[in-house]
Amino acid sequence: MTGTPTPPARAVTVGAASELPTAALGTTPHRVLTIAGSDSGGGAGIQADLRTFVTLGLHACVAVTAVTVQNSVGVQDFQEIDPPVVAAQIRSVAGDIGVQAAKTGMLASTAIIESVAAAVDESDIGAGRSAPLVVDPVAASMHGDPLLAADALDALRTVLIPRATLVTPNLDEVRLITGVEVRDAAGRRAAADALLALGAQWALVKGGHLREDDSSPDLLTDGSEFIEFTAPRVPTGHDHGAGDTLAAAVTAALAHGRSVPEAVEFGKAWVTEGLRWAYPLGAGHGPVNPLWSVARR
């Protein structure tokens, strides 16, 4: 007896990046929350999230999880924030200002992951709750510097991912979380299935690290719907903060009430344009540039 055949993925070629509606001056814009680490070099982490949120016209709140010593060539050190302080930031913001969507980035340790999970539950953030949660499971910098303790991977799997409206790992993170080595479309399917099995509502398996593919394919699924988003690969060495920027743009679209597939399509178009206008910085990798939209205006 054979199982139910897996439906083919619906192919979506991502077009030109669009804008989100912005609030009239003097009125309160949509509010979003980033729960992540600070990048002293300004290219990734909270700094990338804030640049994306602000250029998209949202009010951005933060819960800082760690302070990194970082520049364009790598992460030299980082200091975790006490887990109760991380949780208190989330509760403080959500209880007073309120958020329409939230995202996570660098969480560093099991204790921080557990504190974040408790705080988002209390703040009605997460899958099936009033504010969707995008989990960007940051485990290492683009240079390979570890940003998550090895013993925290299990907490990521069992505590945080089950609360995710959407989880957005790159291929290195997929391998660490699920053990699946993605080399082709079948691998993306297997990885997405493994992420959904951990409890995520939607999984986005990003194909940006498959450097031999010139279409940069990303697979999105909730287990019943499969969508493969493609966009032309931008030939640049300046891609610092690409994952953060994508997740932040998706979070911004979710805050505006877009569906997950609509939000992912928006985010992929947004980060593709940011890569197109990325700029050199320091002696290493420059950042994705969300400021392209400001220049366009």
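User: How many salt bridges does a search of the whole structure find?

Analyst: A salt bridge is a side-chain nitrogen of Lys or Arg within 4 Å of a carboxyl oxygen of Asp or Glu. By that rule, a search of the whole structure finds 12 salt bridges. This is a predicted model, in which local features need pLDDT of at least 70 and side-chain atom pairs count only at pLDDT 80 or more, whereas totals for chains, interfaces and linings use all residues. Residues are numbered from 1 along each chain as its sequence is written, and side-chain values use heavy atoms, with hydrogens and water left out.

User: How is the accessibility of arginine 10 and glutamate 225 to be read?

Analyst: Buried means under 20% relative accessible area, exposed means over 50%, and partly exposed lies in between (1.4 Å probe, protein chains only). Arginine 10, at 45%, is partly exposed. Glutamate 225 is also partly exposed, at 30%.

User: Which residues are linked in a network of salt bridges?

Analyst: The network links Asp121, Asp124, Arg129 and Arg163. Within it, arginine 129 and aspartate 124 meet with N and O 3.9 Å apart. Arginine 129 is partly exposed at 37% relative accessible area, and aspartate 124 is partly exposed at 31%.

User: What distance separates the closest N and O atoms of glutamate 181 and arginine 175?

Analyst: In that salt bridge the distance is 4.0 Å. Glutamate 181 is partly exposed at 43% relative accessibility, and arginine 175 is partly exposed at 34%.

User: In what order do the strands form the sheet?

Analyst: Two strands pair if DSSP finds at least two bridges between them. Here 10 strands form an open sheet with mixed pairing, in the order 1-10-9-8-7-6-5-2-3-4. Strand 1 and strand 4 (74-80) are the edge strands, each pairing on one side only.

User: Which neighbouring pairs run parallel and which antiparallel?

Analyst: Strand 9 and strand 10 run antiparallel and are joined by four bridges; leucine 219, for instance, has glutamate 228 in strand 10 as its bridge partner. Strand 2 and strand 3 (residues 59-71) run parallel, with nine bridges between them, and valine 32 stands opposite alanine 60 in strand 3. Strand 3 and strand 4 pair in the antiparallel sense over six bridges, and a hairpin of two residues joins them.

User: Is helix 1 largely enclosed or open?

Analyst: Helix 1 is largely enclosed by the rest of the structure, because eight of its 11 residues are buried. Among the buried residues are Ile46, Asp49 and Phe53. Contact means heavy atoms within 4.5 Å, and the elements covering the buried residues include strand 2, strand 3, strand 5, helix 7, helix 8 (260-276) and helix 9 (292-296). Glycine 57, which follows helix 1, has a positive phi near 85°.

User: Where does aspartate 49 lie, and which residues is it in contact with?

Analyst: Aspartate 49 lies in helix 1 and is buried, with a relative accessible area of 0%. A polar contact is a pair of N or O atoms within 3.5 Å; within protein, one must be able to donate a hydrogen and the other to accept it, and residues adjacent in sequence count only if both atoms are side-chain atoms. The side chains of aspartate 49 and threonine 34 form one of 2.5 Å. Leaving aside neighbours within four places in sequence, aspartate 49 is in contact with Thr34, Ala36, Lys103, Asp244 and Ala248.
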